[in-house]
Amino acid sequence: MATKGIDCAVPLTAEKAKAMAAAGYKFAARYMVPERLAWKRLTKAEAELITAAGMKVVSVFETTANRPAGGAAAGLEDGTEAYKEAQLIGQPIGSAIYFAVDFDTKATDYVAIEAYLRAAATKIPGYEVGVYAEYDVIEEMAKRGAVKHFWQTYAWSGGKKSPRANIYQHKNGQTLAGHTVDFNESYGGEGWWDTRPQAVEKPGDKPAEIPGWKRQDHDELRAAGILTTDHSATLDDAVPQWMLFALLNRLRKGETAPQEPQPKPDPKPAPTPNPKPEPEPQPAPEPPAILDWAEVERRTSLASVQITFGTAGRGSGTLLHGGYVLTAKHVGNGLNTITVRTRGNGLLTADLVAVHPGYKGAEGKIVNVDVALYRVTDAKLLNVLPSLPLSTQGVTAGQDLLAVVHGDAFGKVKRGAVDRVSISTSSPPTPWEFDCSIDGNPGDSGGAAVNQFGELSGVIIQETMVNAKIGSAWQRVPGCEAVKVAHPVVTDWLKQYL
């Protein structure tokens, strides 16, 4: 059964809230915004009168309608402000804050919207994240797992209603109790709240529970004879707790002598020590999951960047975890600062971390390894920017790869397959490079060649002709050379910085 509610921009009075509650409305959605927008700002006093009237509060943050188009940078700012307001009005931890996407979106907006929501979520610890938006955004953000709560507006939704909606805004610009409101209904999981004091259990309400891990470790020690008395009553005390760790460590090293002093036995020849038990074999790590190519494309598009420098230079690169940008050395040509264009976060600057010094080959000759590492300068974005993981498996002949590059168009998607897995017959040999039928163009250098696990397999460095199977025949086609990120020449270098 649906629950009736309203949302409105102008604050409610106590009388209007009571009249709405009397008319059967059970919740009021209000704007939680900075003080500069006082005309629509939810205050603690208003939240209290809404609660006193018998209604729940739904918090929504919105400064401007298309603010989420600003991506992660906007999300960080708005999340910070939303958290400050939630604390001021006493919104309880565990309830939801909805961030409004209040415009007619296009599919090209989804990357920025997702980045905005995920960045905002990092700034509201303890609160759950929701989105207010039209049907397509609700469906897309649900598919991407960007938020937990969904408030759909009928506007721009083309008559479609998402089954994921916790709240549905179905009629705007209505008058109720002399106040301009929008009508909503909800279906559970709204994340709403009220100002009534939260129930707090007193210490004597129930017996203290011993954490399961402490009980398990304690019992393991008792069974082994390292503890000869029961310490259950003091497991939460400081000394028994650290003592427990120390004793458990002894047990796991194969020691089983009790810690209490024991009577000295009659002297006897020292027994032959038992051999230490063999360590238990560790399970092999689970292989990464194979993804649909559409998902590989989505992830690569988020993490692929266009690099510009000077007045005409252009290339491609890939965001790694921590705000690092991996590209070809010749793209930046050793410049200390480059400009990075992202799909969801606009233009950013990045400073040089290192260029690969090259590989010392036969006869002491240095062979070029065409990779360089930069890092985004905006510290607020380092841990929220999208990124790709590095492959640890190298490449195999015939393996399909995908690239999102920016040479002849921003964000162009290309596909190809591995031809030669190692260019070791060149002079000098460069076994850390491979050939691929991804058609390279000027400006694609530095771009990512990504496998079906969504991992960065190679960095595109130049155009070349490669062998590719077209139908049943092999032909020479335009392709590219790329640096293998899983080759020790590259991985050993990257480990110094990542």
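How many strands make up the closed barrel, and in what order do they run? In this predicted model, the barrel is closed by 8 strands. Their order is β1-β2-β3-β4-β5-β6-β7-β8. The pairing is mixed. From one strand to the next, the twist averages 30°.

Strand β7 spans residues 167–176. Strand β8 spans residues 179–186. The two pair in the antiparallel sense, over 7 bridges. Within this pairing, T175 stands opposite T180 in β8.

Helices pack against the strands. Helix α5, formed by residues 135–144, packs on the sheet. There α5 touches β5 (128–133) and β6 (149–153). The direction of α5 makes about 165° with that of β6. Helix α3 takes up residues 71–89 and lies across β3 and β4. Strand β3 covers 56–61, and β4 covers 96–100. Relative to β4, helix α3 runs at about 140°.

Rolling a probe the size of a water molecule over the atoms shows where empty space is left. The largest pocket contains about 350 Å³ of space. Its lining is made up of 13 residues. Closest to the centre of this pocket are V111, E140, R144, A294 and R298. The largest share comes from α8, with 5 residues. By residue class, the lining of the largest pocket has 7 charged, 4 nonpolar and 2 polar residues.

The second largest pocket has a volume of about 220 Å³. Residues E114, A115, R118, A119 and T122 are among those that line this pocket. The lining also includes R298, R299 and L302. V384, P386 and S387 belong to the lining as well. Here the elements giving two or more residues are α4 and α8. Helix α4 provides the largest share, 4 residues. The lining of the second largest pocket divides into 5 nonpolar, 4 charged and 2 polar residues.

The largest share comes from α8 in the largest pocket and from α4 in the second largest pocket.

Note on methods:
Residues are numbered from 1 along each chain as its sequence is written. This is a predicted model: local features need pLDDT of at least 70, side-chain atom pairs count only at pLDDT 80 or more; totals for chains, interfaces and linings use all residues. Side-chain values use heavy atoms; hydrogens and water are left out. Two strands pair if DSSP finds at least two bridges between them. Axes are lines fitted to C-alpha atoms, for helices over the stretch in contact, and angles run from 0 to 180 degrees between N-to-C directions. Contact means heavy atoms within 4.5 Å. On a 1 Å grid over the protein atoms alone, a cavity is a set of points where a 1.4 Å probe fits but cannot get out, and a pocket is an open set with protein on both sides within 12 Å along at least five of seven lines; lining residues have an atom within 4 Å of a point. Grid points are joined across faces, edges and corners, and a volume is the space filled by probe spheres set on the points. Ala, Val, Leu, Ile, Met, Phe, Trp, Tyr, Cys and Pro count as nonpolar, Asp, Glu, Lys and Arg as charged, and the others, Gly among them, as polar.
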